[in-house]
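Please open the model in your viewer and keep the selection tool at hand.

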Amino acid sequence: MFDCIMNYYCLKMNKILLLSFLFLCMTIGVKADGLSFFKGKYDKALQEAKVSGKPVLLYFRVKGTEPCGYFEKEVLANDTVGEVYNARFVNVLVEADKKNQELLSAYGVREAPLVIWLNAEGKEVYRMVGDIPVSVMEHAGQVMLGKKPSLEDLLAAVKKSDYSLEAMQTMLSEGLAFLPILGEKAINYWTGEIKAVYQRYLDDKSFEEMVNEKDFRILTCYEDEAKLYDPVFEFILENYDAFKEIVPEKDVADYLINRNLEVIGRLTYAGNEAYTEAVERIGGDLSKAYALMESVVGMDTVIRYQADADFWLHGKKDLDAYVDVKNEYFKVLGGKLKWQDLYSAVNDLKKAAQGKFTEKALEVCLAWVDVVDAQKDIEPSVRLWAQMTKGDCLQGAGDLSNAKACYNQAYMIAMQLKNQEVQEFLKQKIAALEQAANH
């Protein structure tokens, strides 16, 4: 399956989970500066849509939350959004409260902000949750109104043209705008359809004809998982200078860097030593792209050490080799080493070890934690992390007495932070250790 289709340019979905006890009711008389909402109950809104033949826009929100507030201010208050929707849609605002669970369940609402587009008969056509751009709102509205082609229209045009290059390019290019608004069932279906058109497009069109903006977007957004020496990757790298005159150089570099890092990640986690070939390219034929990234010791050095560490930790499950690589990297950093580097290394090691440390790895891990804890400028929450982490490591090593001491220290910090949830958690940990010691 296309990773890009599921991620839509790695579009960030800044979502907030709805609490299970929150339910919905219809708010009457609510109006945003750009988008105007129906003054009436949900059922009446659907009746109005059916009678008038207008599609419906449903907006689910959790009032007072930052993501919803941002969406209303930056998107719904936009005048162009109002122009698309106000006269041609029945716009319905639904608040999250304790009054009506039925509507929540009916639409499977779990996150907000959530927008669902319905046709005049009340059937769901599109949905999107989270960070919804103005461009997506406008495009979806125009498609619902028949002013822009749907994916069905685009595919029909491709078939009617007997899969002409122009029609396939149009479908693949314009199809990108649909990716964030397709539901789960629709995305599964359209993944197959789009993949088939994309593959035929690659088969029928030579790379030499693809040095243009539309094809750059198509090539960089419809690929399968990254692999060493992929033909599309090599083509874009070979034409780096030509593409950077057509699209922003950062876009070209970001594509090459992200794909290269994906290759490195896949190979290191699989324990495949071929990852070193991808690493070596950073200072070689990919140097133009990586030159746009800043690093205190050089990106090739940073990534090489991180790749080596991942290879030993995740690919080979060798904790001792991992800590050796990390300590070597920390020496290279010298005075540029930050406590966050140690913090990250400890978390990676602890997660991979799952409580089963080697003697050497445990010693190094505790030393790293002590260095973090010795910093003068860290927040109390980091000190809490340090004591809890030491407790977990010591408990995993069977040193229950010192583990208990760390948990007690962590409990005191949690009291200072007034974090009752962590306090309760630590009380249970301490009680379990005492019970184990008595047996």
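Begin by selecting helix 20 and helix 21, where Pro380, Arg383, Leu384, Gln387, Met388, Lys390, Gly391, Asp392, Leu394 and Gln395 of helix 20 meet Leu400, Asn402, Ala403, Cys406, Tyr407, Gln409, Ala410, Ile413 and Ala414 of helix 21, contact meaning heavy atoms within 4.5 Å. By class, this contact has eleven nonpolar, five polar and three charged residues, with Ala, Val, Leu, Ile, Met, Phe, Trp, Tyr, Cys and Pro counted as nonpolar, Asp, Glu, Lys and Arg as charged, and the others, Gly among them, as polar. Helices (H or I, at least four residues) and strands (E, at least two) are DSSP runs, numbered from the N terminus.

A word on the source: this is a predicted model, in which local features need pLDDT of at least 70 and side-chain atom pairs count only at pLDDT 80 or more, while totals for chains, interfaces and linings use all residues. Residues are numbered from 1 along each chain as its sequence is written, and side-chain values use heavy atoms, with hydrogens and water left out.

Staying with the pair, helix 20 (residues 380-396) and helix 21 (residues 400-416) pack at an angle of about 160°, with their axes 8 Å apart, the axes being lines fitted to C-alpha atoms, for helices over the stretch in contact, and the angles running from 0 to 180 degrees between N-to-C directions. Helix 20 is therefore roughly antiparallel to helix 21, a label for angles over 145 degrees.

Next, select residues 299-315 and 319-333, which are helix 16 and helix 17, packed at an angle of about 165° with their axes 7 Å apart.

Now move to Arg61 and Glu72, whose side chains meet in a salt bridge (3.0 Å, N to O), defined as a side-chain nitrogen of Lys or Arg within 4 Å of a carboxyl oxygen of Asp or Glu. Arg61 lies in strand 3 and Glu72 in helix 3, eleven residues apart.

Two backbone features follow. Ala112 and Pro113 are joined by a cis peptide bond, with omega about 0°, and Pro113 sits in the loop between strand 5 and strand 6. Tyr163, although not a glycine, has a positive phi of about 60°.

Finally, colour by pLDDT, the predictor's confidence in each residue, from 0 to 100. The protein averages 89, and 92% of the residues score at least 70, but over residues 1-32 the pLDDT is below 50. Where pLDDT is low, the predicted coordinates should not be read in detail.

Terms used:
Angles under 35 degrees count as roughly parallel, over 145 as roughly antiparallel, 65 to 115 as roughly perpendicular and the rest as oblique.
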